[in-house]
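Try each task before reading its solution.

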Amino acid sequence: MHKKNQTLGEFIIGNQTSFKYSSGELSSLFNSIRLAAKVVNHEVNKAGLVDIIGSAGEVNIQGESQQKLDVYANEKFIQTLINRNIVCGIASEEEDDFISINSIDENHQNKYVVLIDPLDGSSNIDVNVSVGTIFSIYRRVTPVGTPVTLEDFLQKGNQQVAAGYVVYGTSTMLVYTTGDGVNGFTLNPAIGSFYLSHPNMEFPENGTIYSVNEGNYIHFPQGIKNYIKYCQREEEDRPYTSRYIGSLVSDFHRNMIKGGIYLYPKSSLNSNGKLRLLYECNPMAFIAEQANGKASDGFIRILDIQPTELHQRVPFICGSKNMVAKVEEFMKEAQ
Ligand code: AHG
Ligand code: MN
Ligand code: MN
């Protein structure tokens, strides 16, 4: 079924029956995400032109000042999902509270909730470096016919039915899983279609790249400090290579292809790290595991953590299996 050069649309239709809920609904949901991704891609690609176009008076034509790209991406994804009447609720990094879609889904018949980080790595926009979008999909746990509640969003990551990311890089890619491996699609901007370019993506079991904001070294727990020193030691395949883009999606994407590990540990400055469990860590952890990788908070599996808050943060260590296992060893040892 994994024919190279298949379009994403063909792939979704072809794989619909193998999906455990075998539902056309999930396919429509993906279609909305695919559409929003293309719209955001278009905007990201002309980000550098904003001032130039703006000076010609085009930006303020409706009396609106140019929005920040993460607000724009947030609105596009939410609008698309609402317009297509396909989900019952949305949670986003950019919204304090979850959104219950009752304007259009009046009888609360939709079954899925979506959680998104509409623009990940947003500090990279001004400097023309890759950014991304992350999404996570669950079936609601409260009964159909009633409004969604917080409970529908606070599910463990191991309950995800699908997750994915878009990386707006040198080319734009959409990478996702429905629990049956990971596939990557590259956008042909001239045609406006995503094509299957990376079937069955997998992390190499071992890697030689480590990605961490080492400027925070002094604040890291002892186990992480020891691991970083281990990466830098001259032995066998070490010292490892250090690569940190500062955009989780891009760092993860590179590490999955080349073999590596991403770390955002807790520190003496923030006791739970920085990354958000629900719309950053869980979807990336699901993809990692589906790609033969591993994701941990240093001690336990990310996907087994019971969330208690929408915007909860968690230490995140994710990548090639043996590398993540090594960090867990160091954490245990230093305890
Ligand atoms: P966001 O742009 O959605 O707020 O996420 C940024 C995240 C993540 O993508 C990245 O890896 C990390 O923040 C970088 O943080 P530091 O600048 O603290 O290293
Ligand atoms: Mn983010
Ligand atoms: Mn973001």
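## Exercise 1: the shell around ligand 1

Strand E3 (112-120) and strand E11 (260-264) each supply at least two residues of the shell around ligand 1. Strands here are DSSP runs (E, at least two residues), numbered from the N terminus. This is a predicted model: local features need pLDDT of at least 70, side-chain atom pairs count only at pLDDT 80 or more, and totals for chains, interfaces and linings use all residues. Residues are numbered from 1 along each chain, and side-chain values use heavy atoms, without hydrogens and water.

Task: find which element gives the most to the shell around ligand 1.

Solution. Step one: 16 residues surround ligand 1 (a heavy atom within 4 Å). Among the closest are Asp 120 and Tyr 262. Step two: E3 gives the most, with 3 residues. Step three: domain 1 (8-198) and domain 2 (209-334) both give residues, so ligand 1 lies between them. The domain bounds come from an automatic or database assignment.

## Exercise 2: the manganese ion

Task: name the protein donors of the manganese ion (ligand 2).

Solution. Step one: donors are N, O and S atoms within 2.8 Å of the metal (3.2 Å for Na, K and Ca); water is not among the atoms, so sites may look incomplete. Step two: Asp 117 (OD), Asp 120 (OD) and Glu 280 (OE) lie 1.8 to 2.2 Å from the ion. Step three: the donors follow the spacing D-x2-D-x159-E. Step four: Asp 117 bridges ligand 2 and the manganese ion (ligand 3), which lie 3.8 Å apart.

Conventions:
Chains lettered and ligands numbered in written order. Helix = DSSP H or I, 4+ residues; strand = E, 2+ residues; numbered from the N terminus.
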